[in-house]
Amino acid sequence: MTAVQGSRTAPAALSDTGVADTIASEIAALPEGVKAKTSTRFPLNSAFIFTFGALGGMLFGFDTGIISGASPLIESDFQLSVAQTGFITSSVLIGSCVGALSIGSLSDHFGRKKLLIVSALLFLLGSGLCATATGFLMMVVARILLGLAVGAASALTPAYLAELAPKERRGSLSTLFQLMITFGILLAYASNLGFLGQNIAGIRDWRWMLGSALIPAALLLIGGLLLPESPRYLVSKGDERNAFKVLTLIRKDVDQAQVVAELDEIKTVAAQDTKGGVTELFRIARPALLAAVGIMLFQQLVGINSVIYFLPQVFIKGFGFPENQAIWVSVGIGVVNFVSTIIATLIMDRFPRKKLLMFGSIVMAVSLGVLAVMNFVGDVTVLAVPTMILIAVYILGFAVSWGPIAWVLIGEIFPLSVRGIGSSFGSAANWLGNFIVSQFFLMLLAAFGNNVGGPFAIFGIFAALSIPFVMKFIPETKGKSLEQIEEEMTRR
Ligand code: BGC
């Protein structure tokens, strides 16, 4: 067990109280049939738990990515103005910001699992309403509901995954959330391509596009019902017995002594925690809050969603591409994004997070810088392909670093008592940054006479500025237990 230093008195360890031994022997003594039955409360292996636990990410990616293909169709069907279409796109981001902010204290109070179920229900409701919307107003309401769900999932999932994962693999397992986001984006692009012009059973193509989100939403609901509650949350509510059971079932590869030691450590730190809430967050977790909000704002201000949401427009407006070719460019970038994120899951626990972040910043700053200079001084008519390659390099830089790590960190750096609410603030900052970039990108592009060099130069400056930010404000979390991180952050 990692001893927790300081003047505060550590409570009796689990092993001292014998609770762990009692529970373990209770489980061991059960007849096989009953054991199987008991374990149906947590009948799942870790692969299932982490995959389904991260599923909120797929809906996040799908619901934010799908609108790029669906919005022109909705615009012509409902005869909307450009401003109304823009609002349909951004209403999800407003909902997400509100959803992220409101979910945190609820999840510290009611637990991660219950709220994952609530967000799955919101996903179902929002997707159903989107697919059946009869006009602008209903669509906006549906998109805001969907946003609430996306925002909630984006604040809940990182904390849930971080709290379940063993410290040696927490980086990779938490990166599954980002992997699901990129997979969701790719599915959205595929759904846009697949349903375009297909009015199956007399139902308009865009309704199929938006309605296909019902499938992952239903999966998330089923997963939510089956998934175990986070052991750390259970300890914070004094339910050691179930915390021990969950830990035993998700740490099948270690012996019981290690599970007991882990539970002791969680218990020791939880016993020192205060009661949580916003006031506590600002009182005890200011360095973590600054790191979380900063990393999330930078993650958006480097301009990732100008590429994810608007790449076809960039190639149509900037390089005169026809629409059908431009859509394929974004599919290609979606694939690069997804594959690079697979690489990220493989390397996440091998390199310090701060080094990876700085590596990503350098790759993004250099690729965007070269792209900007090239488009300002070169002959734009021959620059489409080099621009595409540089954007792919930029995406790779983002996907192995800032994409996953921003979400991994907000699940790691807050003390247990304010972890839910802390990740809420971080997540809300991400949605705010996303909203700003999405609202202003096309205007910015127009302001530079459709020269992509303009907006991308600004994003490149943010990528460069992110380096000193990481050096000064981001703590290194790789390989440390959440309790060790909590101790270090409290000392700061
Ligand atoms: C960001 C999203 C972005 C996605 C792209 C996520 O980490 O938060 O805004 O669309 O990465 O892969």
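This is a predicted model: local features need pLDDT of at least 70, side-chain atom pairs count only at pLDDT 80 or more; totals for chains, interfaces and linings use all residues.
Trainee: In which cavity does the ligand sit, and how much of its exposed area does the protein bury?

Mentor: The model places the ligand in the largest cavity.

Trainee: Which helix gives the most residues to the shell around the ligand?

Mentor: The elements that give two or more residues to this shell are helix H10 (170-195), helix H17 (286-301), helix H22 (402-412) and H23. The greatest contribution is 3 residues, and it comes from H10.

Trainee: How far is a polar side-chain atom of Asn 305 from an oxygen atom of the ligand?

Mentor: There are 13 residues around the ligand, and those that come nearest are Gln 178, Gln 299, Gln 300, Asn 305 and Asn 337. For Gln 178, an N or O atom of the side chain is 2.7 Å from a ligand oxygen. The side chain of Gln 299 likewise has an N or O atom 2.7 Å from an oxygen of the ligand. For Asn 305, the distance is 2.6 Å.

Trainee: What separates the end C-alpha atoms of H23, given its 29 residues?

Mentor: Helix H23 covers residues 419-447. At 1.5 Å a residue, its 29 residues should span 42 Å.

Trainee: At which residue does H23 bend?

Mentor: Just after H23, Gly 449 takes a positive phi of about 60 degrees. The bend itself is about 40 degrees, and H23 makes it at Phe 441.

Technical notes:
Residues are numbered from 1 along each chain as its sequence is written. Side-chain values use heavy atoms; hydrogens and water are left out. Helices (H or I, at least four residues) and strands (E, at least two) are DSSP runs, numbered from the N terminus. The expected span of a helix is 1.5 Å times one less than its number of residues. The bend at a residue is the angle between axes fitted to the seven residues ending there and the seven starting there. A residue is near a molecule or strand if one of its heavy atoms lies within 4 Å of it. A polar contact is a pair of N or O atoms within 3.5 Å; within protein, one must be able to donate a hydrogen and the other to accept it, and residues adjacent in sequence count only if both atoms are side-chain atoms. On a 1 Å grid over the protein atoms alone, a cavity is a set of points where a 1.4 Å probe fits but cannot get out, and a pocket is an open set with protein on both sides within 12 Å along at least five of seven lines; lining residues have an atom within 4 Å of a point. A molecule sits in a cavity or pocket if more than half of its atoms lie within 2 Å of its grid points.
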